Amino acid sequence: MADTAPQLKRKREPEPEEAETPSTEKEAGVGNGTSAPVRLPFSGFRVQKVLRESARDKIIFLHGKVNEDSGDTHGEDAVVILEKTPFQVEHVAQLLTGNPELKLQFSNDIYSTYNLFPPRHLSDIKTTVVYPATEKHLQKYMRQDLRLIRETGDDYRSLTLPYLESQSLSIQWVYNILDKKAEADRIVFENPDPSDGFVLIPDLKWNQQQLDDLYLIAICHRRGIRSLRDLTPEHLPLLRNILREGQRSEQGGWGEGTRANSSAFFYKEPRGGLSPSWRPSWQRFQTQ
């Protein structure tokens, strides 16, 4: 593949007649972002269990029953993840201008602590919905004790691989991205080569508002790569493309300084396919 600088993807503006023609290929549950008001894909939400929470990360994972008023007495399962969004420096001064709504907690000499109630446009909560949710989803988001183990090749073939094949979640979301059925407007770069190409999109962990937590994920077009164990010398062109073109795209889209402060790593056992990702840290190609 020619060693040329990649171009950031730009959305093509539709012709007037195209804009008026509804798409016949849009599938239920598949779509891209919109600024129009929307509703949750279910009615009601009765909390069944707090699967996990973190006061430090300002995030909570909830399992709930929904659609209980639809005639199904048992309802359906859903997982909702609520996460406080980071402050945006350019807007933070608006929290303190005028007469902000405050509630005093305590005051002592020069120190005082308040609860501040921000205006609506500065108080959004990132909400991730998994619906309908299966037992595998509930297990995925539940708090679990972590263990560090040393896995041999034999361990992978006899233990890990059978588990992945029997317990892995659906990866339709990956195919939707690769086929441009969902998140097409979020793709910042694509190498379309079916063997050594990939798409680069912002990870959902990043709100795309500040570079401090810039986080991009690369999804390769080649299917069937389940984990690092499947990589062979045959995949070196793919890996080099991801590293080289990913860094160029990152640099072209967000500035020269991002490359010097970024690293590339792999999810060892991703939820379907090999997904190299970029996140700020240090410039070193490493595995995780």
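Visitor: Where does K180 lie?

Guide: K180 lies in the loop between α5 (172-178) and β7 (189-191). This is a predicted model, so what follows describes predicted coordinates.

Visitor: What is the phi of K180?

Guide: Phi of K180 is positive, about 65°, although the residue is not a glycine.

Visitor: Buried or exposed, or partly exposed? I mean K180.

Guide: K180 counts as partly exposed, at 34% relative accessibility.

Visitor: Which residue other than glycine has a positive phi near 55°?

Guide: N67 has a phi near 55° and is not a glycine. The residue is placed in the loop between β2 and β3.

Visitor: Is N67 buried or exposed?

Guide: N67 counts as buried, with a relative accessibility of 12%.

Visitor: And what does the side chain of N67 make a polar contact with?

Guide: The partner is the side chain of Y131, at 2.7 Å. Y131 also takes part in a cis peptide bond: the bond from Y131 to P132 has omega near -5°. P132 itself sits in the loop between β6 and α3 (135-141).

Visitor: OK, sheets. What is the strand order in the open sheet of four strands?

Guide: The order is β1-β2-β3-β6, and the pairing is antiparallel. From one strand to the next, the twist averages 20°.

Visitor: Which strands stand at the edges?

Guide: The edge strands are β1 (46-54) and β6 (125-130). Each has a single partner strand, so one side of each lacks a neighbour in the sheet.

Visitor: How many bridges are there between β2 and β3?

Guide: There are eight bridges between β2 and β3 (residues 76-84), in the antiparallel sense. As a reference point, G64 stands opposite A78 in β3.

Visitor: What about β4, how many of its residues are buried?

Guide: Zero: strand β4 (residues 101-108) has eight residues and is hardly covered. β4 pairs with β5 (residues 111-117) in the antiparallel sense, over seven bridges.

Visitor: Which residue is the bridge partner of N108?

Guide: The bridge partner of N108 is Y111 in β5. The hairpin of β4 and β5 has two residues between the strands, and D109 takes a positive phi near 60° there.

Visitor: Switching to charges. How many salt bridges are there in the whole structure?

Guide: A search of the whole structure gives eleven. One of them joins the side chains of R222 and E234, at 3.2 Å from N to O. R222 and E234 are twelve residues apart, and each is in the loop between β9 (216-220) and α6 (236-254).

Visitor: Are R222 and E234 buried or exposed?

Guide: R222 is buried, with a relative accessible area of 15%, whereas E234 counts as exposed at 53%.

Visitor: Which residues are linked with R222 in a network of salt bridges?

Guide: D196 and E234 are linked with R222 in that network.

Visitor: Give me another pair. What does R56 form a salt bridge with?

Guide: R56 pairs with D57, and the closest N and O atoms are 3.5 Å apart. R56 is exposed, with a relative accessible area of 70%, and D57 is partly exposed at 41%.

Visitor: And D145, what is its salt-bridge partner?

Guide: The partner of D145 is R143, with 3.7 Å between the closest N and O atoms. D145 is exposed, with a relative accessible area of 58%; R143 is exposed too, at 61%.

Visitor: Now confidence. What is the mean pLDDT of the chain?

Guide: The mean is 76, and 72% of the residues reach 70 or more.

Visitor: Which element has the lowest mean pLDDT, and which the highest?

Guide: Among the elements of the chain, helix α1 (residues 16-19) has the lowest at 39, and strand β2 (residues 59-66) the highest at 94.

Visitor: Where does pLDDT stay under 50?

Guide: Residues 1-28 stay under 50, and the model has 27 contacts beyond four places in sequence for them. Residues 278-288 are also below 50, with 50 contacts in the model beyond near neighbours in sequence. Where pLDDT is low, the predicted coordinates should not be read in detail.

Visitor: Last, the overall picture. How many helices and strands are in the chain?

Guide: The chain has seven helices and eleven strands. Of its 288 residues, 30% are buried. Among contacts with a separation of 6 or more, 54% are between residues 24 or more positions apart.

Conventions:
Residues numbered from 1 in each chain as written. Predicted model: local features only at pLDDT ≥ 70, side-chain atom pairs only at ≥ 80, totals over all residues. Heavy atoms only, no water. pLDDT = per-residue confidence, 0-100. Contact = heavy atoms within 4.5 Å. Salt bridge = Lys/Arg side-chain N within 4 Å of Asp/Glu carboxyl O. Buried < 20%, exposed > 50% of the residue type's maximum accessible area, 1.4 Å probe, protein only. Pairing = 2+ DSSP bridges. Axes fitted to C-alpha atoms, helices over the stretch in contact; angles between N-to-C directions. Polar contact = N/O pair within 3.5 Å; in protein donor to acceptor, adjacent residues only side chain to side chain.
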